[in-house]
Amino acid sequence: MIQRSLYSLIFFLSALALMAQENCSYSLKGKVKAAITDETIPFATVILKGNTELSQVSTSNGSFNFSGLCSSEVILTVRFVGFQTYSDTLTLSSGGNTIEVLLQENVHELEEVLVIEEGVEEVATIARAEVNAKALEKLGGESLGKSLSGLSGVNMLQFGPTIAKPVIHGLHSNRILILNNGIRQEGQQWGQEHAPEIDPFVANNLRLIKGAAAVKYGSDAIGGVILVNPAELPRSEGLSGKASMVGASNNGMYAGSMLVEGGLKGLRGFGWRFQGTYKRAGDASAPQYRLTNTGTLERNFSLGAGYHTDALGAELFYSSFDAEIGILRSAHIGNLTDLERAIGRDRPLFVEDFSYTINNPYQAVNHQLLKANGHMTLENIGELSAQYGLQINRREEFDIRRAGRSTIPALALDLYTHTIDLDFDMLPQGSWKWDVGASFMYQNNENDPETGIRPLIPDFENWTAGAHVISRFIQTNYELEAGARYDFRHYLIKRFDRNNNLLKPEFDFSNLTGSVGALFFLSNNLQLRTNIGTAWRAPHVNELYSEGLHHGAAAVEEGNPELESEKSVKWITSLEKNTEKLAFNFSGYINLITDYIYLRPEDVALTIRGAFPVFRYRQTDALLTGIDADVSYKISDRLENKSKLSVIYAQDQRLRSPLINIPANSVSTALEYALNLKGFESSHIGFELAFTDRQRNAPRVVSIAEILEANESDSDLFASDQSVFDILDVPGAYTLVNLEAGLEKRLRNSALRVNLAVTNLFNVEYRDYLNRFRYYSAEMGRNITLRLNYEF
């Protein structure tokens with residue numbers, strides 16, 4: 001294992017060494033202006049295509065600068081709202097090149113622009129990353145958590161092979177804010193095993209903001225923000241679309257997704273889109289055995305339509321996500337003796353032959369989203385936008401119940417969420433740019449009485465309101481950014497005590513957050529971003545009043561009504577470079593969270609539904625620090641190396657002890673070689689070597705046997721040591737080898753792309769620290785996935 005880790009580090013260091021050999025001397029700088037008025041145009045999107053594609057946003061005086069270019073033949077494209085797109089092929093000389101781009105005003109048609117990119121730049125001083133459309137194609141059929149896990153600083157919190165949710169810099173669930181097509185995603189995300197109800201096939205790109213971006217996006221963004229962005233709707237006549245098909249060997253997964261979109265003849269500016277996905281998978285397989293009852297079934301679709309002119313526009317969007325998700329059968333144990341036997345066992349207690357059938361225990365989840373938004377451009381002032389969102393989330397969790405009651409859900413929750421967002425994005429006034437906005441949310445959570453079981457969390461209502469202001473001071477060589485936000489949240493909770501008396505406790509939480517940051521444009525195409533921001537999160541109702549078995553997590557959870565709001569201060573700094581041959585991003589962060597809420601294992605319990613560990617919500621002060629590194633180096637015209645490194649250290653500041661469920665350090669390196677096969681527009685083959693270390697900063701271990709012994713002797717496990725403990729020692733380090741190949745064939749106005757991927761090539765048996773079901777089984781073994789994408 002030490003040898004494997006050394007191989008990974010050697011590849012990573014080799015890539016760094018190769019950087020010194022960079023010898024690309026071409027450069028291009030210029031200025032974007034309006035052709036009629038000769039005024040400079042700030043914030044225009046500038047795209048340069050050579051061997052690779054680079055992009056920038058023009059500065060406050062309209063200038064842009066590309067250096068370190070390796071190709072003398074490039075295509076320059078410039079876009080800005082209200083102007084015709086500029087595109088030209090240039091031949092560069094080695095002595096430096098300067099160009100003045102004159103954009104012609106477009107009074108008839110609004111060209112497609114990267115509005116999402118401008119939105120991301122509203123938090124320009126915070127480190128960010130992206131999974132673009134090309135990368136998403138290679139991940140077709142994967143969950144949102146899996147699709148993001150390839151980014152440095154991002155991991156997956158898993159519950160077997162069926163459930164995964166993103167972890168950013170050690171934080172997950174309610175500490176990460178997800179915006180699905182501009183709407184704050186609101187489901188039952190409080191559960192650690194409640195994966196985001198989002199179909200990645202609907203997205204054109206996934207963007208990640210790693211800092212505390214609460215000022216722009218509201219409370220709960222302590223860990224970061226994930227933007228799930230569909231492509232913009234078409235705005236001219238014609239029909240186009242894409243069909244995707246996926247098949248996988250390990251769990252027999254097959255999936256298909258179809259997207260069709262177009263416009264109407266004679267109604268310029270109007271566009272529509274339909275997208276649908278079907279996905280089914282059976283029991284996954286570890287290298288030595290089947291993971292019984294880990295199948296999934298998804299049926300998702302979305303509809304969108306919109307109309308836009310230069311001055312105003314409106315859109316309507318609807319989506320439905322419907323899934324059935326099997327829960328590993330071996331995680332649900334019938335008695336305390338079997339529970340003690342099951343924890344850390346080499347082979348799960350329940351192993352059956354492969355099946356597509358999803359039996360109890362399983363989850364059934366439906367999430368519906370309706371969005372309506374509009375925007376209006378106020379001449380010489382800015383753009384005013386308004387947005388309304390309605391979300392209906394229904395979650396049912398089916399347990400193994402006696403007396404023929406297994407068809408009745410053990411947990412049934414209906415969550416209704418209404419959101420309103422208002423934003424006024426002002427045009428630059430000299431060197432200053434301002435953005436102000438407000439948001440409102442109302443939620444109503446209802447338990448279905450058909451369960452016949454005391455609810456895990458009570459019914460509640462949630463009123464939330466907030467307002468923000470962000471200011472940017474933009475100069476040629478640097479930008480400064482500052483913002484402030486105030487949020488207020490009110491809970492009305494409806495619960496019954498043990499004597500069946502109705503209680504209605506109310507809670508009020510509020511906080512003022514702020515951030516300051518800077519972006520410096522240094523020499524040699526370097527950018528330095530630094531930002532320090534505060535964020536906060538009110539405790540969720542489950543943390544206040546959980547009471548009973550959380551079947552999906554296979555654990556009993558108990559709330560704490562004395563919890564205070566979490567408050568975070570995060571400082572993140574990154575150094576970036578992006579040239580045609582070399583691209584890198586090195587970032588470091590410090591995140592201090594006061595009153596950090598966590599689940600502490602404290603007991604085991606035998607219930608009428610089986611034997612389960614008992615977790616209780618507690619608070620402490622937490623410090624999380626780490627570094628992320630991404631390096632991409634083009635060794636030759638055909639060979640490229642990409643390497644990543646993520647290191648994180650987390651500590652309980654009050655007890656001076658480790659936190660639980662923090663990602664282990666990891667490093668990976670990959671090589672991709674362009675094959676240049678005859679008859680294909682592009683083709684490549686690549687491999688990746690990924691090393692994940694053992695979590696070397698883990699809590700103490702108290703076994704199930706020791707917990708039972710303490711219960712029998714009526715002794716306190718925390719009498720001499722108040723720190724959190726785990727019920728099983730951390731798993732060992734592991735190294736995986738993955739292969740991937742692809743090709744593209746153009747057919748007149750269409751394209752066919754084929755991708756073949758092999759993960760865990762050598763069928764390594766391992767357990768991942770962030771998989772809560774590592775107590776009972778190993779991870780998936782070798783998996784071969786074939787993906788076909790036809791675009792027309």
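Two strands are said to pair if DSSP finds at least two bridges between them. The legends below use this meaning for a predicted model.

**Figure 1. Overview of the predicted protein chain.** The protein chain holds 8 helices and 44 strands. A compact globule of 792 residues would have a radius of gyration near 28 Å, and the protein chain agrees with this because its own value is 27 Å. Along the principal axes, the C-alpha atoms fill a box of roughly 85 × 55 × 50 Å. Of the 792 residues, 55% are buried. The accessible surface amounts to about 32600 Å², and carbon and sulfur atoms account for 55% of that surface. Among contacts between residues at least 6 apart in sequence, 68% join residues at least 24 apart.

Figure 2. The mean pLDDT of the protein chain is 88, and 93% of its residues reach 70 or more. Over residues 1-7, pLDDT stays under 50, and the model has 7 contacts beyond four places in sequence for this stretch. Over residues 9-22, pLDDT also stays under 50, and here the model has 30 contacts beyond four places in sequence.

**Figure 3. An open antiparallel sheet of 4 strands.** The strands follow the order β3-β2-β5-β6, and their pairing is antiparallel. The edges are formed by β3 (53-57) and β6 (86-91), each of which pairs on one side only. On average, neighbouring strands of this sheet are turned by 20° against each other, direction ignored. Strand β2 (residues 45-49) is joined to β3 by 5 bridges in the antiparallel sense. Within this pair, Ile47 has Ser55 of β3 as its bridge partner.

Figure 4. Leu48 is found in strand β2. Its relative accessible area is 2%, and Leu48 is therefore buried, since buried means under 20%. Apart from neighbours within four places in sequence, Leu48 is in contact with several residues, including Leu28, Leu54, Phe66, Leu69 and Ile75. Leu48 may also be set against Phe354: the two are 306 residues apart in sequence, and their C-alpha atoms are 50 Å apart in space.

**Figure 5. An open sheet of 5 strands with mixed pairing.** The order of the strands is β8-β13-β14-β11-β12. Strands β8 (128-131) and β12 (183-184) lie at the edges and pair on one side only. Strand β13 (residues 205-209) runs antiparallel to strand β14 (residues 224-229), with 5 bridges between them. In this pair, Leu206 stands opposite Val228 of β14.

Figure 6. Strand β38 (residues 666-674) pairs with strand β39 (residues 682-692) over 9 bridges in the antiparallel sense, and the bridge partner of Ser668 is Ala690 in β39. Strand β39 in turn runs antiparallel to β42, to which 11 bridges join it; here Phe691 has Thr735 of β42 as its bridge partner. Strand β42 (residues 734-747) and strand β43 (residues 750-759) run antiparallel and are joined by 9 bridges, with Gly742 bridged to Asn755 in β43. Another 9 bridges join β43 to strand β44 (residues 783-791), again antiparallel. Asn755 stands opposite Arg787 in β44.

Figure 7. Most residues other than glycine have a negative phi, and most peptide bonds are trans. The peptide bond from Asn360 to Pro361 is cis, with omega near 5°. Pro361 lies in the loop between α6 (336-342) and β22 (362-378). Asn524, although not a glycine, has a positive phi of about 60°. Asn524 belongs to the loop between β29 (506-521) and β30 (526-537), and it counts as exposed because its relative accessibility is 55%, where exposed means over 50%. Asn676 is likewise not a glycine and has a positive phi of about 60°. Asn676 sits in the loop between β38 and β39, and its relative accessible area of 54% makes it exposed. Arg748 takes a positive phi near 55° in the hairpin of β42 and β43, which has 2 residues between the strands.

Methods. Residues are numbered from 1 along each chain as its sequence is written. This is a predicted model: local features need pLDDT of at least 70, side-chain atom pairs count only at pLDDT 80 or more; totals for chains, interfaces and linings use all residues. Side-chain values use heavy atoms; hydrogens and water are left out. Axes are lines fitted to C-alpha atoms, for helices over the stretch in contact, and angles run from 0 to 180 degrees between N-to-C directions. The radius of gyration is taken over C-alpha atoms; the globule rule is 2.2 Å times the number of residues to the power 0.38. Buried means under 20% relative accessible area, exposed over 50%, partly exposed in between (1.4 Å probe, protein chains only). Contact means heavy atoms within 4.5 Å. Accessible areas come from the Shrake-Rupley method with a 1.4 Å probe; for residues, only the protein chains shown count as cover. pLDDT is the predictor's confidence in each residue, from 0 to 100.
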